[in-house]
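Hi everyone, thanks for coming. Let me put the model up on the screen, and then we can walk through some side chains together.

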Amino acid sequence: INMYGFDSLEEFFNTSVSDLYMYEQERLKFSNELLNKAVVTGKEICFKKKNGDLMWGAVTAKAVKDETGRIVYFDGMVEDITERKKTAEALKKSEELHRLTLSNITDSIFITDDKGMFTYIGVKDNFFILGYSYEEIKEFANIDNLFGKKLFDVQELKSVGEIANIEYQITDKQGKTHYLLVTVKSVNIDG
């Protein structure tokens with residue numbers, strides 16, 4: 001009752017059930033689902049508080065029948081999941097922002113695990129300066145296989161966390177020499 005913003009049980013019971021739903025169509029759909037299934041568990045529904053604010057609820061309900069098998073009412077409970085929905089939406093937006101950012105960076109980005117195995121390969125338009133396609137880079141599997149073991153000192157990276165502006169000479173797929181400016185950073189994304 002409090003989560004809907006009502007002050008008393010009497011006020012809540014004097015409110016039409018349809019007034020608790022943000023969208024009438026959603027109420028009708030849920031009622032039909034209950035009629036057909038008799039029990040619904042964890043159904044996410046957008047509700048409306050007394051003041052008109054949106055509230056997301058996970059509903060578990062059943063159709064209660066009389067001795068003749070006729071449905072007389074629905075009985076259930078609602079768990080307020082508004083904050084969980086907001087968090088999920090914020091995470092979705094954040095992931096989309098990161099995906100958009102990474103896809104628009106013109107530099108190549110390689111993310112590896114502790115063993116140097118690729119976990120992310122970001123190359124603009126699936127093309128890397130060395131002439132390899134995205135698929136060919138994936139076949140290297142490991143940063144050392146692509147750049148060689150001389151790119152950076154792992155112990156130094158562990159010690160300082162970031163090694164910036166490494167000047168590195170490398171030969172491309174066609175045998176042409178390139179000079180790269182590389183930055184390597186140790187990041188823990190597992191918490």
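Leucine 9 is partly exposed, at a relative accessible area of 45%; here buried means under 20% relative accessible area, exposed over 50%, and partly exposed in between, with a 1.4 Å probe and protein chains only. You will find leucine 9 in helix α1, residues 9-13. Helices (H or I, at least four residues) and strands (E, at least two) are DSSP runs, numbered from the N terminus.

A quick note on the source: this is a predicted model, where local features need pLDDT of at least 70, side-chain atom pairs count only at pLDDT 80 or more, and totals for chains, interfaces and linings use all residues. Residues are numbered from 1 along each chain as its sequence is written, and side-chain values use heavy atoms, leaving out hydrogens and water.

Back to leucine 9: together with Ile1 and Phe13 it forms a nonpolar surface patch of about 300 Å² accessible area. Those areas come from the Shrake-Rupley method with a 1.4 Å probe, and for residues only the protein chains shown count as cover. A patch takes residues with over 30% relative accessible area and no salt bridge, joining like charges within 9 Å and nonpolar side chains (Val, Leu, Ile, Met, Phe, Trp, Tyr) within 5 Å.

Now, the aromatics. Rings of Phe, Tyr and Trp (its six-membered ring) pair if their centres lie within 6.5 Å; planes under 30 degrees apart are stacked, over 60 edge-to-face, and the rest tilted. How many aromatic pairs does that rule give? The count is nine. One of them joins tyrosine 4 and phenylalanine 47, edge-to-face, with 5.8 Å centre to centre and 85° between the planes. Tyrosine 4 sits in the segment before α1 and phenylalanine 47 in strand β1, so this pair ties together parts that are 43 residues apart in sequence. Are these two buried or exposed? Tyrosine 4 is buried at 6% relative accessible area, and phenylalanine 47 is buried at 3%.

Phenylalanine 6 and phenylalanine 12 have ring centres 5.6 Å apart and planes at 75°, so they are edge-to-face too. Both phenylalanine 6 and phenylalanine 12 are buried.

On to the charges. A salt bridge here is a side-chain nitrogen of Lys or Arg within 4 Å of a carboxyl oxygen of Asp or Glu, and the whole structure has 13 of them. Take lysine 50 and glutamate 11, whose closest N and O atoms are 2.6 Å apart. Lysine 50 is in the loop between β1 and β2 (54-65) and glutamate 11 is in helix α1, so the bridge ties together parts that are 39 residues apart in sequence. Lysine 50 is partly exposed at 43%, and glutamate 11 is partly exposed at 23%.

Helix α3, residues 82-104, holds glutamate 83 and lysine 86, three residues apart, about one turn of the helix. Their salt bridge has its closest N and O atoms 3.7 Å apart. Arginine 99 and glutamate 96 are also both in helix α3, three residues apart, and they bridge at 3.0 Å, N to O. Arginine 99 is partly exposed at 49%, and glutamate 96 is partly exposed at 41%. Elsewhere, salt bridges with shared partners join Asp7, Glu11 and Lys50 into one network.
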